[in-house]
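I opened the notebook on aromatic rings today.

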Amino acid sequence: MTSEQRVVGYGGMWARPEEDPRQAGNPVGELATIREYLTNYRRTLGLKCEGLTPEQLATRSVPPSTMSLLGLVRHLAKVEHVWFQLALRGVDEPRLFWSADVRDVDFDGAVADPAVVAEAFAAWESQIAAADEWLDRATDLGAEVTLSWNGEKSTVRDILIHMIEEYARHCGHADLLRECIDGRTGQ
């Protein structure tokens, strides 16, 4: 795609306001604000993946990177699991899309197979639902938790802000990946 062909706005496939699932409300309170930002970034990643084939979802960025939209979905399922289930809930279970032997199994395993795509989105959506269930009961953002993998302490607030940071960073990657696939820009 050349710069002369580049189109932004609705012609570049932005979601029209009436079709955009993200909220632009006026949340009241710290937790409500954090939740709205986190929810909107999650929805943004979903929008970036919408309507793509397994081959398109597994399209790598630039060599030698293994980053792809599908890899981002797998990675963020893992991140949701690590921070909400292992850190905040203290669940003792194996990490998703992780291996001690293969550092980037979440990205390396993101291949153009419909079963891999289905597994990735099911895991991501399941982890979001579990995280939202935990957030529905959250009351003390200053509470400290001890991270099981290194013994360090962190506050609930810091973990939640980290989740927003994680999604914001990766939604930027998703913007570029999607634009390279079919020209969809922005949002």
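I began with Trp83, which is buried at a relative accessible area of 17%. I noted that the model is predicted.

Entry: ring pairs. I counted 3 aromatic pairs. I looked at Trp83 with Trp149, and this pair is edge-to-face. The centres lie 5.3 Å apart, and the planes make 80 degrees. I then checked where the two partners sit. Trp83 belongs to helix 3 (residues 69–88). Trp149 is in the loop between strand 1 (144–146) and strand 2 (153–155). The partners are 66 residues apart, so I logged the pair as a link between distant parts of the chain.

Entry: helix 5. I moved on to Phe121 and Trp124, another edge-to-face pair. Here I have 6.2 Å centre to centre and 80 degrees between the planes. How many residues apart are Phe121 and Trp124? They are 3 apart in helix 5 (residues 114–137), so about one helical turn separates them. Phe121 is buried at 17% relative accessibility. Trp124 is buried too, with a relative accessible area of 5%.

Entry: charges over rings. Which rings does Arg95 sit over? I found its charged end over the ring of Trp98, 5.5 Å from the centre. I also found Arg95 over the face of Trp149, 5.2 Å from the ring centre. That brought me back to Trp149, the edge-to-face partner of Trp83.

Key: Residues numbered from 1 in each chain as written. Predicted model: local features only at pLDDT ≥ 70, side-chain atom pairs only at ≥ 80, totals over all residues. Heavy atoms only, no water. Phe/Tyr/Trp six-rings, centres within 6.5 Å; stacked < 30°, edge-to-face > 60°. Helix = DSSP H or I, 4+ residues; strand = E, 2+ residues; numbered from the N terminus. Buried < 20%, exposed > 50% of the residue type's maximum accessible area, 1.4 Å probe, protein only. Lys NZ or Arg CZ within 6 Å of the ring centre and 35° of its normal.
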